[in-house]
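Student: I would like to learn how to read backbone angles and nonpolar cores in a model of this kind. Could you take me through them one at a time?

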Amino acid sequence: MTTNTYPKEANLKNLKPYGDTMDDGKVQLSFTLPVPAGPEAYEAAKRLLLQMGMQDPAVVSMQAVGSTMSYFIMYAACVRGVDYTTIHVPRSEYEAMDMAAIDALIEKEFGREITVIGACTGTDAHTVGIDAIMNMKGYNGHYGLERYKMVNAINMGAQVPNEVLVAKALEVNADAILVSQVVTQKNLHIMTLTNLVEVLEAEGVRNRFVVAVGGPRITHDLATELGFDAGFGVGNYAEDVAAFVVQEMMRRRDAAK
């Protein structure tokens, strides 16, 4: 009879991916090489993983992408781990709430609808992020702000110039501005987001609005560094954004008393 000697608890001081067993470090990778699929590309893919520090690279799938590209799915084992106990990630300060609680809080604290205006600004044409937050059906079972009884949600869509967004926010007397950046190249989102803050400051209205940004490349740390009040990345939903907006409005109101 054999005894299972695999560790059952994660080593947080040397955290590795979990594949089949604890600490085996197994990962799945996918990437494209700019060479035709074939024996040479197959070997190149394995050598690449070895040079990344991976062990036991295995090609699960190699597919030709036209005549000059090859696409790979591979398994390998990660050798190195990270010290999870030393990690601290800045995040937005707010109490998590559901839609009903947020509506009730707005009604109690402000006695009116709040207006939230959102857009995907700059050259980014992908509305999936702003739609997930703003549109009624929301995303992944989390309703968007249009569903909220006490939120007047205005979604301006994609490729909205920052100047147009700010002008609309002033026209509708918005309480909050939400910006989404989904697909950007060469860090264009940094330039677009920086420009938005500059436009707000040039108009002298930066502190008039709660201003937040979301997207897969956005962290709270990056957002605040660029002059936003909060940043929301992967795993956040409309209720996270709404809870932050309302609670930030309350903080500002109370601080002004």
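This is a predicted model: local features need pLDDT of at least 70, side-chain atom pairs count only at pLDDT 80 or more; totals for chains, interfaces and linings use all residues.

Student: Where is Asp23 found, relative to strand S1?

Tutor: Asp23 is found in the segment before strand S1, which spans 26-33, and its phi is near 70 degrees, a positive value in a residue other than glycine.

Student: Which strand holds Asp56, and how exposed is Asp56?

Tutor: Asp56 lies in strand S2, residues 54-65, and although Asp56 is not a glycine, its phi is positive, at about 50 degrees. A residue counts as exposed when its relative accessible area is over 50%; Asp56, with 56%, is therefore exposed, while Asp23, with 28%, is partly exposed.

Student: How many residues does the largest nonpolar core have?

Tutor: A nonpolar core is a set of buried residues of nonpolar type joined through side-chain atoms within 4.5 Å. The largest one here has 29 residues, and those with the most contacts inside it include Ile102, Leu145 and Val245. Among the elements that give two or more residues to this core are helix H2 (99-109), strand S4 (114-121) and helix H7 (238-256), and H7 provides the largest share, nine residues.

Student: Which residues is Val245 in contact with, leaving aside its neighbours within four places in sequence?

Tutor: With those neighbours left aside, Val245 is in contact with Ile114, Ala176, Leu178 and Val210. There is also a second, separate core of 24 residues, which includes Leu165, Ile177, Leu196 and Leu226.

How values were computed:
Residues are numbered from 1 along each chain as its sequence is written. Side-chain values use heavy atoms; hydrogens and water are left out. Helices (H or I, at least four residues) and strands (E, at least two) are DSSP runs, numbered from the N terminus. Buried means under 20% relative accessible area, exposed over 50%, partly exposed in between (1.4 Å probe, protein chains only). Contact means heavy atoms within 4.5 Å.
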